[in-house]
Amino acid sequence: LYQRHSKEVWALAYARWMNADTALDVMQEAFLRLWKQWEAGEQILNPRAWLLRVARNLAEDHAKSAFQRNGTQLPQVMNGVESRQPAPLERMEREEVFGQLREVLDELSPADREILTLRYALDYDTDAIAGLLSIASTAVHMRLSRARQRLAERLKAKGVAQVP
Amino acid sequence: MNQPDELDPLLRRFFQAQMPSPWPDCPVPDEPARAVVVPEKPASSWLELSQRFASRLALALSLLLLVGAAWSLSGAFLTPPAPTAPSTNIARDNRIEIVDPTAEHKGVNGYKVNERFVQPKKDETEWKFDIHKVEPSTPRR
């Protein structure tokens with residue numbers, strides 16, 4: 001169950017706040033709650049739907065508590081890919097592009113970010129996204145297309161170049 | 001890079017770079033799983049046995065009482081006996097005589113009528129009537 005659905009849960013939490021660590025915390029908390037429910041004898045007929053719902057709620061609660069603490073949204077983190085070990089200059093350029101991309105993604109709606117995360121982080125096709133979000137494949141296709149269009153326009157406006 | 005399709009490689013690299021690597025293991029609850037301890041059964045004493053079977057004994061007694069009560073009460077509501085079936089007699093002359101004791105008519109003017117069927121083995125059924133004069137009963141002293 002964890003291997004099948006943990007990345008989906010992480011992706012939904014990540015799409016909400018664009019923070020990988022927070023998404024990881026939310027994902028783990030959702031699974032812990034699921035184990036506890038099962039330990040308590042609770043019957044959960046669709047664990048996947050249950051996990052996704054709990055992850056969304058946890059992400060919302062986390063955002064509210066973070067806002068109350070800090071008076072602002074979560075600080076953005078510049079993430080790099082450690083495993084590929086790029087050269088320092090190359091890495092800096094890429095991180096700059098990623099930072100601009102993150103800013104543009106933040107301006108999109110959470111629904112757009114969900115679809116983009118599922119499409120590009122998990123490599124889900126239209127049908128898989130439709131099944132996960134319980135919407136029609138045509139709606140996924142349309143939302144994905146519009147989200148990419150908006151993203152391209154905003155990146156162009158920022159003058160973002162191709163990633164090295 | 002301005003076309004949406006050209007974004008695909010960038011988006012794929014960006015999102016996949018965000019995913020934790022290696023992927024963490026499944027979280028485990030802090031509290032260890034509570035083992036279910038089954039207490040050992042002590043040897044059964046006579047008291048425990050009697051307690052265990054007390055309810056069964058009470059049930060058996062109540063059922064017995066119910067059946068007994070139903071049996072004793074059934075005598076109070078007996079239906080009158082069904083009329084006896086006509087008896088048959090095989091006479092010496094190889095005839096079957098059907099005597100219906102209920103087929104007795106009081107008749108009129110002090111005569112009593114008994115009717116009966118006689119079935120010879122070969123001939124047709126005979127329907128016979130015996131008419132007796134009834135003697136008036138004398139009052140007892």
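Helices here are DSSP runs of H or I with at least four residues, numbered from the N terminus. The model is predicted: local features need pLDDT of at least 70, side-chain atom pairs count only at pLDDT 80 or more, and totals for chains, interfaces and linings use all residues. Residues are numbered from 1 along each chain as its sequence is written, chains are lettered from A in the order in which they are written, and side-chain values use heavy atoms, without hydrogens and water.

Start in chain A. A:Glu8 sits in helix 1 (residues 2–17). A:Glu8 has 3% relative accessibility, so it counts as buried (under 20% relative accessible area; exposed is over 50%, partly exposed in between, with a 1.4 Å probe and protein chains only). Contact means heavy atoms within 4.5 Å. Beyond neighbours within four places in sequence, A:Glu8 contacts A:Arg48, A:Leu52, A:Leu122, A:Tyr124 and A:Leu132.

Now the backbone. Most residues other than glycine have a negative phi, and most peptide bonds are trans. A:Ser134 is exposed, at 64% relative accessibility. A:Met18 also has a positive phi of about 55° and is not a glycine. A:Met18 lies in the loop between helix 1 and helix 2 (20–39) of chain A. At 1% relative accessibility, A:Met18 is buried.

Chain B has a cis peptide bond from B:Ser21 to B:Pro22, with omega near 0°. B:Pro22 is in the loop between helix 1 (7–18) and helix 2 (46–74) of chain B.

Notes:
Helices (H or I, at least four residues) and strands (E, at least two) are DSSP runs, numbered from the N terminus.
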